Amino acid sequence: MHPAPSIIAFTVLSGLGFGLLGFLGLGKPDVSGFTAFVFFFIGFGLAISGLISSTFHLGNPQRALKAFSQWRTSWLSREGWLSVATLIVMGIYAIGIIFFHTRFAILGILGALLCLATVFATSMIYTQIKTVPRWNHWSTPVLFLLYSITGGALLSGQVWIAEPLFLLLGAAQLVFWMFGDNLFADSGSNMGTATGLGSLGKVRLFEGPHSGGNYLTREMVHVVGRKHAVKLRVISVFCLALLPWAIFTFFNFGHAWALLAVILHLIGAFVSRWLFFAQAEHTVGLYYGAR
Amino acid sequence: MTQLPTSTEKKLGLVIDLDTCVGCHACVVSCKGWNTENYGAPLSDQNAYGADPTGTFLNRVHSFEVQPERGAAQTIHFPKSCLHCEDAPCVTVCPTGASYKRVEDGIVLVNETDCIGCGLCAWACPYGAREMDQKEGVMKKCTLCVDRIYNENLPEEDRQPACVRTCPAGARHFGDLGDETSDVSKLVAERGGIDLMPEQGTKPVNKYLPPRPKDEAAIDVLAPFLEPVAEEATGFLGWLDRTLEKL
């Protein structure tokens, strides 16, 4: 699949933002006044900029409000509703903390649950796509939630929980990468079933429908950059998990070190999300003799 | 509404005969011709006369080679367009309700004034039947020429999809696949019509007729008499052969 920058930014930034808002909803850290304002500003800023960047992927963003109508069947629509509900609940909660030094605990817990639900809905947009076997697996929501909670723990300064989460996230990401590499083959779809000619013999593409590219090949048969996948996986896991973990374990905790950990974690998350798209193989590739 | 109907009154669709298709791409051209100036936004091209032309098509013809375990390989031309699936995954993922499956005839359509161009339906389709128009930013797909098949302004013989009407080989057939007595249903039963990627669970309405088995080369009764007579070269050629062998 084409790793569109708008969607990578959407999933990474909104995941981080909702992760941070979730921790703030639980009162971790228990701040108020201007400090709380800074925390909530970062949380809302990440979540909202992620949501806005998702609209850059649309062909007709001026009609984006229509996307709220089909929540009965569409995970994209559900994600829209949940993100708006989360922002409203957390907004009221934030106003209480920042301006009135009052923490509405129940509202905060509700907001934290909505944060998780929003990230889950985001992950289901991809998980539901049966045509991409690598995504169509329970590990996708698990990973999206792990990314969000780990990033949230990091940004909210909850080092005691961030440290084990870094190791868990790094390990889970590695395991699911290796696992995911076999999912397309296991799905049972191949050029034989795609053309229905598999019972006659071995099928290969003799001639494509046209000599150039088209929307389908650009959007869903993206193979550029896959050859560096292994190196990128290593870079990602180091930046995402191992280096931030080492910073908190071996160096004194301070704002400069924490900022470095956040930047490394962000780089790792972006690389990993790039791979999430670039390595996703769509069944339509079978009609083009590619994966 | 993106909830799929539990059943449709008709299942209009295409039956494509892979035995007959000659790969001339006439259906591709007639499809583009009709649909660029009728239902919905035109099918735009980008850089049409440049070095890297690209454009929106609702129907494309791929060519495959099938190599059986023994015997010669076979070339099969393979037209592909929307299969108007009963369990259309493209419809349920649509966030705006722009994609829908019609209860009256089962045709899957896009209401372009509601489409935000998110592309999720194209991701959900296993077959690559939907293409985002790069100029309009809306999703385009085969309409089964819904503006031809019910169009009383057209002569009756033209009230079928443009691709079917134009096919010079008679490789494309249009009809109600929900009606067991229809010509297309009989054709599918007779020829063992197949679904593409049944493992995806989409229940496509369109069917493909597999190529008929090739004839085995007939045994020629005179063939034994045409065996080469002289196994060993004699005379000058024999001497040459032996001499060259020694070198």
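**Salt bridges and the A–B contact**

Let's start with a salt bridge inside chain B.

**Salt bridges and the A–B contact**

B:Arg212 and B:Asp19 form a salt bridge, with the closest N and O atoms 2.7 Å apart. A salt bridge here is a side-chain nitrogen of Lys or Arg within 4 Å of a carboxyl oxygen of Asp or Glu. This pair links distant parts of the chain, 193 residues apart. B:Arg212 sits in the loop between β11 (207–209) and α7 (235–246) of chain B. B:Asp19 sits in the loop between β1 (12–17) and α1 (26–35) of chain B. Helices (H or I, at least four residues) and strands (E, at least two) are DSSP runs, numbered from the N terminus.

Buried or exposed? B:Arg212 is partly exposed, at 43% relative accessible area. B:Asp19 is partly exposed too, at 30%. The cut-offs: buried is under 20% relative accessible area, exposed is over 50%, and partly exposed is in between, with a 1.4 Å probe and protein chains only.

Some ground rules. This is a predicted model, where local features need pLDDT of at least 70, side-chain atom pairs count only at pLDDT 80 or more, and totals for chains, interfaces and linings use all residues. Residues are numbered from 1 along each chain as its sequence is written, chains are lettered from A and ligands numbered from 1 in the order in which they are written, and side-chain values use heavy atoms, with hydrogens and water left out.

How many salt bridges are there over all chains? The count is 15. One of them joins A:Arg134 and A:Asp181, at 3.0 Å from N to O. A:Arg134 lies in the loop between α4 (105–127) and α5 (139–155) of chain A, and A:Asp181 in the loop between α6 (159–180) and α7 (183–186), so the pair ties together parts 47 residues apart in sequence. A:Arg134 is buried, at 15%. A:Asp181 is partly exposed, at 35%.

Back to chain B. B:Asp158 and B:Arg165 meet in a salt bridge at 2.4 Å, N to O. B:Arg165 is partly exposed, at 37% relative accessibility. As for networks, shared partners join A:Arg134, A:Asp181 and A:Arg233 into one.

Next, the contact between the chains. It takes 57 residues from chain B and 60 residues from chain A. Contact means heavy atoms within 4.5 Å. The buried area is about 4,600 Å², and carbon and sulfur atoms give 58% of that. Buried area is the accessible area (1.4 Å probe) that two parts lose on being put together, summed over both.

Two salt bridges cross between chain B and chain A. One of them pairs B:Asp114 with A:Lys66, with the closest N and O atoms 2.6 Å apart.

Which elements give two or more residues to the chain B side? They are β4 (60–67), β5 (74–80), α3 (120–124) and β8 (131–132) of chain B. The largest share, eight residues, comes from β4(B).

That strand also pairs across the contact. Strand β1 (residues 202–207) of chain A runs antiparallel to β4(B), over five bridges. Strands pair if DSSP finds at least two bridges between them. A:Glu207 stands opposite B:Ser63 in β4(B).

Last stop, B:Asn59. This residue is in the loop between β3 (54–55) and β4 of chain B. B:Asn59 is buried, at 2% relative accessibility. Leaving aside neighbours within four places in sequence, its contacts include B:Cys27, B:Val28, B:Cys163 and B:Arg172.
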